Amino acid sequence: MKVSVFIEEKNEGMEVYVEEGATALDLLKKLNINPVTTVISKNGKIALEETILKDKDQVEIFSVISGG
């Protein structure tokens, strides 16, 4: 199945093929993105790592920056 992905840090959009039943964490692993440093949005709502993706979902990946 195919999901649309926008990676905020790279200002890049792409179509990514994932297996049926793939989770948001599976997508991050496929894209080689560290899940600890990101927030995921699926169809405009915050998603957890265990959120299951569906065909034609719109996923946005945002970098989390912290410091002091």
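Of the 68 residues in the protein, 32% are buried, where buried means under 20% relative accessible area, exposed over 50% and partly exposed in between (1.4 Å probe, protein chains only). The model is a predicted one, in which local features need pLDDT of at least 70 and side-chain atom pairs count only at pLDDT 80 or more, while totals for chains, interfaces and linings use all residues. Residues are numbered from 1 along each chain as its sequence is written, and side-chain values use heavy atoms, with hydrogens and water left out.

Turning to the overall fold, the protein contains 1 helix and 5 strands, arranged along the sequence as β-β-α-β-β-β. Helices (H or I, at least four residues) and strands (E, at least two) are DSSP runs, numbered from the N terminus. The protein has a radius of gyration of 11 Å, close to the 11 Å that the globule rule gives for 68 residues, so it is as compact as a globular protein of that length; the radius is taken over C-alpha atoms, and the rule is 2.2 Å times the number of residues to the power 0.38. The C-alpha trace spans about 40 × 25 × 20 Å along its principal axes. Among contacts (heavy atoms within 4.5 Å) with a separation of 6 or more, 46% join residues 24 or more positions apart.

A look inside comes next. In soluble globular proteins, nonpolar side chains tend to be buried together. Here, the largest nonpolar core has 16 residues, and Val5, Val18, Leu27, Val59 and Ile61 have the most contacts inside it. Such a core is a set of buried Ala, Val, Leu, Ile, Met, Phe, Trp, Tyr and Cys residues joined through side-chain atoms within 4.5 Å. At least two core residues come from each of β1 (2-7), α1 (24-30) and β5 (58-63). Beyond its neighbours within four places in sequence, Val5 is in contact with residues including Leu27, Leu31, Val59 and Ile61.

Helix α1 also holds Ala24, which is buried at a relative accessible area of 3%. Leaving out residues up to four places away in sequence, Ala24 touches Ile40, Leu48, Glu49, Thr51 and Leu53. Its C-alpha atom is separated by 8.6 Å from that of Val59, 35 residues apart along the chain.
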